[in-house]
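Please read the following report alongside the sequence and the coordinates.

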Amino acid sequence: MAPSKTGKSAAAAAKKSSGKKEKVFHPQSRKADQLSRKSLRKEKMGSLVSSRNKKHNLLADFYGFFYHSLPDEGTLTLEELHAIIANVWLTRHDEELEEERAARRKGRPKSLKESKLEEVKLRESEEYRTGFEVIDLTHPQNVALFRTWEQKEVAFIDLLRFIRISSANPTSVIVSRPGKHVSITGHPSMALEDNADMELDS
């Protein structure tokens, strides 16, 4: 029977893998300090990317909601826009919140999820009371432009006109961002900052 090469090849592989020793640096050495800084920078960049992606997804969800709130034809009235925010956007977590409350046994503390949902609801309700910035779905040119959005690129939203409305003063509308697209500004070189706080008659 021919001699087995398994033992020989395994020994050769072990020798090859152990041939290159991993460098060990003194904890106080310059090289160790460089590696530590590099590792921290990599972690920080990863954290920033993760945070940016999370923010991007939140914005995409927010703008997507208003995109799907567009009427089949024409624009919304100011009253209809308020109704969508108050009755749909601000209540979107209510069912999930009730499920969390129902699942909690009497005398038990709130779950982390329940606390977070209540915090979001409270924060958004207060924001709506004092001034909530939304895409202007009452403006014909703005709505027409918004309809062309492919629901992917958040940067496209910067072209649109935004208004600030509040539950405390539902007839008041303040243009918070006048929009950058020529179909809204009326002139390609128009100063975008002009009339940024212009108050409109409802």
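The paragraphs below go from the whole chain to individual residues.

This is a predicted model, in which local features need a pLDDT of at least 70 and side-chain atom pairs count only at pLDDT 80 or more, whereas totals for chains, interfaces and linings use all residues. Residues are numbered from 1 along each chain as its sequence is written, and side-chain values use heavy atoms, with hydrogens and water left out.

**Overall make-up.** The chain has seven helices and four strands, where helices (H or I, at least four residues) and strands (E, at least two) are DSSP runs numbered from the N terminus. Read from the N terminus, the order of the elements is α-α-α-α-α-β-α-β-β-α-β. Of the 202 residues, 27% count as buried; buried means under 20% relative accessible area, exposed over 50%, and partly exposed in between, with a 1.4 Å probe and protein chains only. Among the contacts (heavy atoms within 4.5 Å) with a separation of 6 or more, 60% join residues 24 or more positions apart.

**The pair α4 and α5.** Two packed helices are described by the angle between their axes and the distance between the axes. Axes here are lines fitted to C-alpha atoms, for helices over the stretch in contact, with angles from 0 to 180 degrees between N-to-C directions. Helix α4 (residues 94-103) and helix α5 (residues 112-130) have axes that come within 9 Å and cross at roughly 145°. The contact is made by D94, E96, L97, E100 and R101 on the α4 side and by K113, E114, L117, E118 and K121 on the α5 side. By class, this contact has two nonpolar, no polar and eight charged residues; Ala, Val, Leu, Ile, Met, Phe, Trp, Tyr, Cys and Pro count as nonpolar, Asp, Glu, Lys and Arg as charged, and the others, Gly among them, as polar.

**The largest pocket.** A pocket is an open set of points on a 1 Å grid over the protein atoms alone, where a 1.4 Å probe fits, with protein on both sides within 12 Å along at least five of seven lines, and lining residues have an atom within 4 Å of a point. The largest pocket holds about 620 Å³ of space, a volume being the space filled by probe spheres set on the points, which are joined across faces, edges and corners. Of its 20 lining residues, L58, W89, R92, R123 and E124 are the closest to the centre. Helix α5 gives the most to this lining, with seven residues, and by class the lining has nine nonpolar, one polar and ten charged residues.

| Residue | Relative accessible area | Class |
|---|---|---|
| H82 | 8% | buried |
| Q151 | 37% | partly exposed |
| D158 | 40% | partly exposed |
| N57 | 46% | partly exposed |

H82 sits in helix α3 (residues 78-89) and, leaving aside its neighbours within four places in sequence, is in contact with Y128, I165, S166 and P170. N57 belongs to helix α2, and its C-alpha atom is separated by 9.1 Å from that of V154, 97 residues apart along the chain.

Q151 is found in the loop between α6 (140-146) and β2 (162-165). Most residues other than glycine have a negative phi; Q151, although not a glycine, has a positive phi of about 65°. D158 is placed in the loop between α6 and β2, where D158 touches R177 and K180, not counting residues up to four places away in sequence. The C-alpha atoms of D158 and G179, 21 residues apart along the chain, are separated by 6.8 Å.
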